[in-house]
Amino acid sequence: MDIGVRLLRTAMAEVVPAGTRPPGYSRIVPPDWREAGATERVVEDRMVALERNGGRLLVERLRLEWRPGTPVPAPSGRLVFRPVRDTEEILALMTLVLDGTLDAHSRDDLTRMSPREAAVRHYEDELAHYRSPRDWWRIATLPDGEPVGFVTPARNDYNPIIGYLAVLPAHRGNGYIDDILAEGTRILIAQGVPRIRAATDLGNTPMANAFERAGYVNFERTINMAWI
């Protein structure tokens, strides 16, 4: 352990400029890593080495996968889905859903920037780089046109994904998340994809439960650590 701590400290001193925040740490681990003694020790030893160098656990995330043959519910009729009109519309909705968010990365961003700035950063760092048509993105509304939430089914550099899935604060607790996730899943299935990947925080219970109800399987986890 002492060697690992010194190795990390030496490497960071060489590559991270003095006075700047080190980049985050991410490690993919098995979904049952705490239940396998050898795996648990490997993961925890690295976490301890990072903690001794000032890092802290930011979040543990579930990596999820929908597989062909998994049933998808038909539209319930409660919501209407339409394409996103423009970048400003999706940014405005992304800003609104940060109110009360359970996402650890978003909550961390909000300690250093405004909700609008956090939304723009998320958009520019992730959504703007998707390789798929933005015509796939959907705004969910009530029959009268009032927005309820949104989903951005997409392709990144690796897989078809549910990139961003959210319900606006005023409409949480009504089960709309299931309708919105199902719509995003149907859009990708229509493209003949071999699988759909997604991720959410272990502690974001409502979102994790929605993916489980939709038949998504937790096939891996990710440990994310950060420096304050």
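Mentor: On a 1 Å grid over the protein atoms alone, a cavity is a set of points where a 1.4 Å probe fits but cannot get out, whereas a pocket is an open set with protein on both sides within 12 Å along at least five of seven lines. The model here is predicted, with local features needing pLDDT of at least 70, side-chain atom pairs counting only at pLDDT 80 or more, and totals for chains, interfaces and linings using all residues. Residues are numbered from 1 along each chain as its sequence is written, and side-chain values use heavy atoms, leaving out hydrogens and water.

Trainee: How many cavities of 30 Å³ or more does the rule give?

Mentor: The count is one, and the largest cavity holds about 40 Å³, a volume being the space filled by probe spheres set on grid points that are joined across faces, edges and corners.

Trainee: Which residues line the largest cavity?

Mentor: Lining residues have an atom within 4 Å of a point, and here they are Met94, Leu98, Ser106, Asp109, Ala118, Ala119, His122 and Tyr164. Among helices (DSSP runs of H or I, at least four residues), α5 (115-125) and α4 (104-109) each supply at least two of the lining residues, and α5 gives the most, with three.

Trainee: What lies in and around the second largest pocket?

Mentor: About 220 Å³ of space lies in the second largest pocket, which is lined by 13 residues, with Leu8, Met12, Tyr25, Leu50 and Trp227 nearest its centre. Two or more lining residues come from each of α1 (2-15) and α2 (37-51), and α1 gives the most, with four.
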